[in-house]
Each structure stands twice: as structure tokens, then as C-alpha cells.
Amino acid sequence: MQIKNTAVTFKESKGHEKLSMLTAYDFGTAKLVDEAGINGILVGDSLGMVMLGYKDTLEVTMEDMIHHSKAVSRGAKNALVVTDMPFMSYQTSVYDAVVNAGRLIKEGKAQAVKLEGGLEVVDKVEAIVKASIPVMGHIGLTPQSINQIGGFKVQGKSEESGRILIESAKALEKAGAFAIVLECVPSKLSKIITESINIPTIGIGAGNDCDGQILVYQDMLGMFSGFKPKFVKRYSDIGEEMKKSFIEYDKEVKDKVFPGEEHGFKISDEIIEKLY
Ligand code: KIV
């Protein structure tokens, strides 16, 4: 029997069992991910890029996140649904952070929220947690800061930036976060961070010593034909399969092969004769 994953079961899993997470942005995919027994679904603001075709995540709005989060929550029975707080929904003030986190729970039906940043966001994390909303942190490569960090680059490679990441992870734990995503962090640094805190780390491009892993599902299925990051493992090539089927359909329509007789509905000849 599958257990219902919660922020509490995530915390309890540390040191016992690895956690699996995938992104999803719609009901159907969420249902498949949930039925596969994945522990958590992230309604990531990556939806801006993989679903809406934006060049980065900065344009994504609260309305976008609520709309997709609601759909995902209807498809997820046992997986924990975590929804991303979009750019400028929490950076502006502690008040905005709590109000917008609340909207993702009340309107988006999420069970937890995720926000990006380390030491600079601990006041927001603390306030959201005080409002009884579980928070997942996200440090390392934080795509909402793309203009500040100058691109999608590995983070924490110098002694100073490595120390800042370790301190950030500790501060997020102290502020009440129940887990932390480590994105594009050198594997050996991720191990130190993971061993420094008592809440699970969820890695993406952060090596195998994290307490769990997350991938964007279009990346692992070969459905996003843009850039393929080094950390992505392709588990199948669904994008190519989809394209092949679309081409075959197009040909069959033009060659008048589809629809066949078996795809149509019958009516009595007597009625048809009257209609001519
Ligand atoms: O938005 C997203 O999909 C994410 C993951 C890459 C962790 O934040």
C-alpha cells in the first residue's frame, strides 16, 4: 500500500529512504507520476519554460502557478504537492510572501510551497512556516536570480560561495523549512550540506549523496527539445515518439486512411435515404 506523503514524512525519511520527486503541471501527468509511487510532485515555475515557451522563469505569475497547481492537486493522491512561489511573489516583503504562499495553498490546493534563496529569504520562510504552511527551500542555482548570477551555471565552486551555501542550508533549516532543493551544486559540496542539516536535501545536478532527487519530467522523457543539461538522464525519447505519431496522423489524414470505418458511427440506411 502506498503511503500519503507529507512534509512530515519527508522529514522523517532522512537517513532511512531516498525521496523521489518529479515536476508536473497538469492533471494527467500528475496522475501518472502519483500512480508510479513518486514521493513528491513539484509544480515548478519551470512551467514558464517547458509549458509556456518563455526563455526563463521570470514572467511566471501567481495566476499561472495557481491554475497549474489546482490541476496537479486533482491528479495527486499520495504524492506531496509542492508549488513554486513565482518571481516577485515573496521577494518584495514578508507580508507578500505570507499572502502569496497562502493563495497557493487555498486557491492552488498545494500542500507546501517552495521558494528560492538562502540567507536573504529566511525571514520570509520563518513567517510562512509560522502561518502553518510547509516550506521547501531552494539554493545553488536559483533561476529567478538569473540576471544576478549571469546564467544557468554551477554554484558553490569557490570556498566562499561553498560556505555561503552551507550557512544558507543551516539557516533555512532553522527557519523551519522541511526540505531543501540543491540545484547545480558540486556533488562533494552537496554531501557536506546534506550531512550538515537534519532535513532532506533534494538534488538536481547535485550528485547522489542528496537525500532525494528531482527532475523536470519533460527533460527525463526527451520532450523538451531545447537545451539538455548535463545532469539530466533521458529515460525515454517520448518527444521523438510523439513527433513520429503526429507525422503518421498527418499522412493518414491527407491520404484519407484515417478515420477508418471502425472509427465512425452507424445510422440506418433507411434514414440516410430519406436525407438525400
Ligand atoms: O521550477 C522547477 O522545476 C524547479 C526544479 C528545477 C527544482 O525549481
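Visitor: In which strand is threonine 23 found?

Guide: This is a predicted model. Threonine 23 belongs to strand E1, which covers residues 19–23.

Visitor: Is threonine 23 buried or exposed?

Guide: A residue counts as buried when its relative accessible area is under 20%. Threonine 23 has a relative accessible area of 2%, so it is buried.

Visitor: What does the side chain of threonine 23 make a polar contact with?

Guide: For a polar contact, look for a pair of N or O atoms within 3.5 Å. The side chain of threonine 23 has such a contact with the side chain of tyrosine 25, at 3.1 Å.

Visitor: Which residues are around the ligand?

Guide: Threonine 23 is one of them.

Visitor: Which distances should I read between side chains and oxygen atoms of the ligand?

Guide: Take the residues in turn. Serine 46 has a polar side-chain atom 2.5 Å from a ligand oxygen atom. For lysine 114, an N or O atom of the side chain is 2.9 Å from an oxygen atom of the ligand. Aspartate 45 places a polar side-chain atom 3.1 Å from a ligand oxygen.

Visitor: How much of the ligand does the protein bury?

Guide: The ligand taken alone exposes 260 Å², and the protein buries 94% of that area.

Visitor: Where does the ligand sit?

Guide: Its site is the largest pocket.

Visitor: Now another residue. Where is the place of phenylalanine 152?

Guide: Phenylalanine 152 lies in a loop, with helix H7 (146–149) on one side and helix H8 (159–175) on the other.

Visitor: Why does phenylalanine 152 count as partly exposed?

Guide: Partly exposed is the class between buried, under 20%, and exposed, over 50%. Phenylalanine 152 counts as partly exposed because its relative accessibility is 45%.

Visitor: How many helices and strands does the protein have?

Guide: There are 12 helices and eight strands.

Visitor: What fraction of the residues of the protein count as buried?

Guide: The protein has 276 residues, and 47% of them count as buried. Along the principal axes, its C-alpha atoms fill a box of roughly 80 × 40 × 35 Å.

Definitions and conventions. Residues are numbered from 1 along each chain as its sequence is written. This is a predicted model: local features need pLDDT of at least 70, side-chain atom pairs count only at pLDDT 80 or more; totals for chains, interfaces and linings use all residues. Side-chain values use heavy atoms; hydrogens and water are left out. A residue is near a molecule or strand if one of its heavy atoms lies within 4 Å of it. A polar contact is a pair of N or O atoms within 3.5 Å; within protein, one must be able to donate a hydrogen and the other to accept it, and residues adjacent in sequence count only if both atoms are side-chain atoms. Accessible areas come from the Shrake-Rupley method with a 1.4 Å probe; for residues, only the protein chains shown count as cover. On a 1 Å grid over the protein atoms alone, a cavity is a set of points where a 1.4 Å probe fits but cannot get out, and a pocket is an open set with protein on both sides within 12 Å along at least five of seven lines; lining residues have an atom within 4 Å of a point. A molecule sits in a cavity or pocket if more than half of its atoms lie within 2 Å of its grid points. Helices (H or I, at least four residues) and strands (E, at least two) are DSSP runs, numbered from the N terminus. Buried means under 20% relative accessible area, exposed over 50%, partly exposed in between (1.4 Å probe, protein chains only).
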